[in-house]
Amino acid sequence: MKAFIRIYSLSVLLAIAFVTQASGQSVGNSNSKSNRDTKTSTVKKTVYNRVPSTKVTYKTPVRKVVSVRSVPDRKVIKYKGQDYYYANNKYYTQSREGIL
């Protein structure tokens, strides 16, 4: 019976110690929260809409060098010993296969 009273009283004292310590912490935190300045910030999220693969069209790259046999209404421009031909807002030069 004496052991039961000792265990009971020890557990009650231990419980009271935990409760008072927990309440002391919550009081300290509530005071510090009231002194703080709160700042709100908005975050702008960008939403990307997916395009279905059936609606995607891929552009083929344009060839930069095109070979032609003749250039009508051309003007001859000589630069560093090389002949360049100008017609239709494009410049052409002579090569082995023809005029480029």
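The chat below goes through the sheet and the aromatic side chains of a predicted model.

Colleague: What are the ground rules for the numbers?
Modeller: The model is predicted, so local features need pLDDT of at least 70, side-chain atom pairs count only at pLDDT 80 or more, and totals for chains, interfaces and linings use all residues. Residues are numbered from 1 along each chain as its sequence is written, and side-chain values use heavy atoms, with hydrogens and water left out.

Colleague: Which order do the strands of the open sheet have?
Modeller: The order is 1-2-3, three strands with antiparallel pairing. Strands are DSSP runs of E with at least two residues, helices are runs of H or I with at least four, and both are numbered from the N terminus. Two strands pair if DSSP finds at least two bridges between them.

Colleague: Which strands stand at the edges?
Modeller: Strand 1 (75–79) and strand 3 (90–93) do; each has a single partner strand, so one side of each is left without a neighbour in the sheet.

Colleague: How many bridges join strand 1 to strand 2?
Modeller: Five, with strand 2 covering residues 82–87.

Colleague: Switching to rings. How many aromatic pairs does a search of the whole structure find?
Modeller: One. It is Tyr86 with Tyr91: the centres are 4.8 Å apart and the planes are at 50°, so the pair is tilted. Rings of Phe, Tyr and Trp (its six-membered ring) pair if their centres lie within 6.5 Å; planes under 30 degrees apart count as stacked, over 60 as edge-to-face and the rest as tilted.

Colleague: What relative accessibility do those two have?
Modeller: Tyr86 is at 26% and counts as partly exposed, while Tyr91 is at 58% and counts as exposed. Buried means under 20% relative accessible area, exposed over 50%, and partly exposed in between, with a 1.4 Å probe and protein chains only.

Colleague: Where is Val71, and is it buried or exposed?
Modeller: Val71 is in the loop between helix 1 (2–35) and strand 1. Its relative accessible area is 9%, so Val71 is buried.

Colleague: Which residue lies over the face of Tyr85?
Modeller: Arg74, at 4.7 Å from the ring centre. A charge sits over a ring if NZ of Lys or CZ of Arg is within 6 Å of the ring centre and within 35 degrees of the ring normal.
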